[in-house]
Amino acid sequence: MRQFCDDASELHDLNISLFATPAEGLSGKFTKQDQETFGMIQGVTDREYYTNSFHIPVYYPMAAYRKIRSEAPFHELCNAGAISYVELDGNARQNTAAFRGIVQFVLLQNIGYFSVNHPIDRCPACRYEGMIGSVCPGCGALEADGHFQRLRRVTGYLTGNYTERFNSAKQAEVEDRVKHL
Ligand SMILES: [Zn+2]
């Protein structure tokens, strides 16, 4: 495809490119339209969103290395850009060896752009930073009492307190996302 784009660009003297679109809004909009047209099809239209681009579905359990290897061939097709990412289950700074291993593996693949997503929660009361459930491990503050800050990278942007900012389709996707261990 990349060669096709380059050849077509040359032939027509135009810039022709293929881009792995993030389509944050469309991932929900198209699903809704397809549900109206085709109904509920299990495994296809039965969620609020489509996983965007050529990414492995966000809810599909898969090891980080396998996900990277599975998506790598598609980068070759997208001469206008593409991204792959993995979701870690904790703060990457607490396991830099694993982080480095992932990055070094990516460098051996034909991947143009890559990110490692890892959750960062902060407790404003005691400044604890890491994964916080309903209780702060640092000071015992409760989610209900305080305002834990939850930073996530989901749509290409770092988003604090994401549940307040995303549309319902994107919120559903966030809830479904699995970690790649
Ligand atoms: Zn705390």
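1. Let me start with the zinc ion, whose protein donors are the SG atoms of Cys123, Cys126, Cys136 and Cys139, lying 2.3 to 2.4 Å from the metal. Donors here are N, O and S atoms within 2.8 Å of the metal (3.2 Å for Na, K and Ca), and since water is not among the atoms, sites may look incomplete. Along the sequence, the donor residues follow the spacing C-x2-C-x9-C-x2-C.

2. A word on how to read all this: the model is predicted, so local features need pLDDT of at least 70 and side-chain atom pairs count only at pLDDT 80 or more, while totals for chains, interfaces and linings use all residues. Residues are numbered from 1 along each chain as its sequence is written, and side-chain values use heavy atoms, with hydrogens and water left out.

3. What geometry does the site of the zinc ion have? The site is tetrahedral, with angles of 103 to 114 degrees among its four donor atoms. For four donors, that label requires all angles to lie between 85 and 135 degrees.

4. Cys123 is buried at 3% relative accessibility, and Cys136 is buried at 2%, whereas Cys126 is partly exposed at 33%. The classes are buried (under 20% relative accessible area), exposed (over 50%) and partly exposed in between, using a 1.4 Å probe and protein chains only.

5. On disulfides, the count comes to zero, the criterion being a pair of cysteine sulfur atoms within 2.5 Å. Take Cys5: the closest cysteine sulfur to its own is that of Cys78, 8.5 Å away, which is too far for a bond. Cys5 is also buried, with a relative accessible area of 3%.

6. Salt bridges number six, each being a side-chain nitrogen of Lys or Arg within 4 Å of a carboxyl oxygen of Asp or Glu. One of them joins Asp176 and Arg47, at 2.9 Å from N to O. This pair links distant parts of the chain, 129 residues apart: Asp176 sits in helix α5 (residues 168-176), and Arg47 in the loop between α2 (26-38) and α3 (64-75). Helices (H or I, at least four residues) and strands (E, at least two) are DSSP runs, numbered from the N terminus. Both partners are partly exposed, Asp176 at 26% and Arg47 at 30%.

7. Where do Arg150 and Asp121 lie in the chain? Their salt bridge has its closest N and O atoms 3.1 Å apart, and it links distant parts of the chain, with Arg150 in strand β5 (residues 149-153) and Asp121 in strand β3 (residues 120-122), 29 residues apart. Here both partners are buried: Arg150 at 13% relative accessibility and Asp121 at 1%. Asp121 and Arg150 also belong to a network of salt bridges that includes Glu143.

8. Arg122 and Glu129 form another salt bridge, at 3.0 Å from N to O. Arg122 is partly exposed, with a relative accessible area of 34%, and Glu129 is partly exposed at 26%.

9. Lastly, confidence. pLDDT is the predictor's confidence in each residue, from 0 to 100. The chain has a mean of 85, and 90% of its residues reach 70 or more. Confidence is highest in α3, at 95, and lowest in strand β6 (residues 158-160), at a mean of 63.

Conventions: Four donors count as tetrahedral if all angles lie between 85 and 135 degrees; four count as square planar and six as octahedral if opposite donors are over 155 degrees apart and all others between 65 and 115; anything else is irregular.
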